[in-house]
Amino acid sequence: MNHSRSIRLHYLFRAVILLAFALYIGHLVQQDALHYYVAPKLARWIRLCPVPLCLMALSLGLQAVLGRSAALCDCEHRLPRSGLGSSALYSLFLLPLLLGFLLPDRALGSAAAAKKGIVLSYTAAEPGNGAKFTPSNPYEAEFAELAGKLYEQPVIPVHSEIFSETLGAMNLYKSQFEGKEITVSGFLYREPQGAGQPGYAVSRFLVQCCTADATPFGILLQPGTQISLPADTWIEVRGKLHVALFEGVETLQIAPERITAMAAPSTPYVYTNADAAAAWEELQRADIK
């Protein structure tokens, strides 16, 4: 068993670390930056975390200062026996905190998309039964319903609330959407430099839980599109959809008619929607109002 003085110091270190985590979460909430790291459904619970963290820090601090020596122990979790071991242990917690406080809070962009691999098409086979939007299996029923609603629009808006679902529905029935006009916004993604012309896409990150599971989704701009804007600029693109081969796979591309730089939205990521067709109807009613 470690000496009681050593145990008190470890208790104090742990109290400080817990308090630092509470302060960091409070900092993110105050700066309205929590959405850069976690999905909204998770963020509501993260906002409450400073309370239990502060209580745990207070409990450890009181034990370190006022606890009786006979009651202090490292129990079944042996504490590091050297200063180097203690430094290595606590740096695992302090380093992420330090980076969190020092680095700017910002959304994922092209660099992360290039590392993760941007999703530009769906591998599902397009239904070939002659009907426009008849699903080939029950799992595609929602996409089929949404595709029918999108097709009726003279200009298809890609709402951030159903971003991935909209791209999924159009890709599933890509031949029916040939020549349809579309407007979509996102950050400008540039394909890594290669031998050919630079390729561009308008992209968003789909987040399920937190940025660790973020997946970049996007739609390609037609090869040969000339863009002078730097990568990661937020843009709104209006143009016509065309089916083309990309790396041997048929996917939709946009032939841009207008590309406009825009301010980044307050919530840069997109999230899954359990009922995209119903969400589309609500968005349409909101637009009418």
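Student: Why is Thr166 called buried?

Tutor: Buried means under 20% relative accessible area, exposed means over 50%, and partly exposed is in between, using a 1.4 Å probe and protein chains only. Thr166 has 0% relative accessibility, so Thr166 counts as buried. Do keep in mind that this is a predicted model, where local features need pLDDT of at least 70, side-chain atom pairs count only at pLDDT 80 or more, and totals for chains, interfaces and linings use all residues. Residues are numbered from 1 along each chain as its sequence is written, and side-chain values use heavy atoms, with hydrogens and water left out.

Student: Where does Thr166 lie, and which residues is Thr166 in contact with, leaving aside its neighbours within four places in sequence?

Tutor: Thr166 lies in helix 7, residues 163–172. Helices here are DSSP runs of H or I with at least four residues, strands are runs of E with at least two, and both are numbered from the N terminus. With those sequence neighbours set aside, Thr166 is in contact with Leu146, Leu150 and Val158; contact means heavy atoms within 4.5 Å.

Student: How many helices and strands does the protein have?

Tutor: There are eight helices and six strands. Of the 289 residues, 41% count as buried.

Student: What makes Cys209 partly exposed?

Tutor: Its relative accessible area is 36%, so Cys209 falls in the partly exposed range. Cys49 is partly exposed too, because its value is 26%.

Student: And why is Leu55 called exposed?

Tutor: Leu55 has a relative accessible area of 54%, which is why it counts as exposed. Leu55 lies in helix 3.

Student: Which residues make the nonpolar surface patch?

Tutor: Leu9, Leu12, Phe13, Val51, Leu55, Leu58, Leu62, Val65 and Leu66 make a patch of about 880 Å². Patch residues have over 30% relative accessible area and no salt bridge; like charges are joined within 9 Å, and nonpolar side chains (Val, Leu, Ile, Met, Phe, Trp, Tyr) within 5 Å. A salt bridge is a side-chain nitrogen of Lys or Arg within 4 Å of a carboxyl oxygen of Asp or Glu. The areas come from the Shrake-Rupley method with a 1.4 Å probe, and for residues only the protein chains shown count as cover.

Student: Which helix supplies the largest share?

Tutor: Helix 3 does, with six residues.
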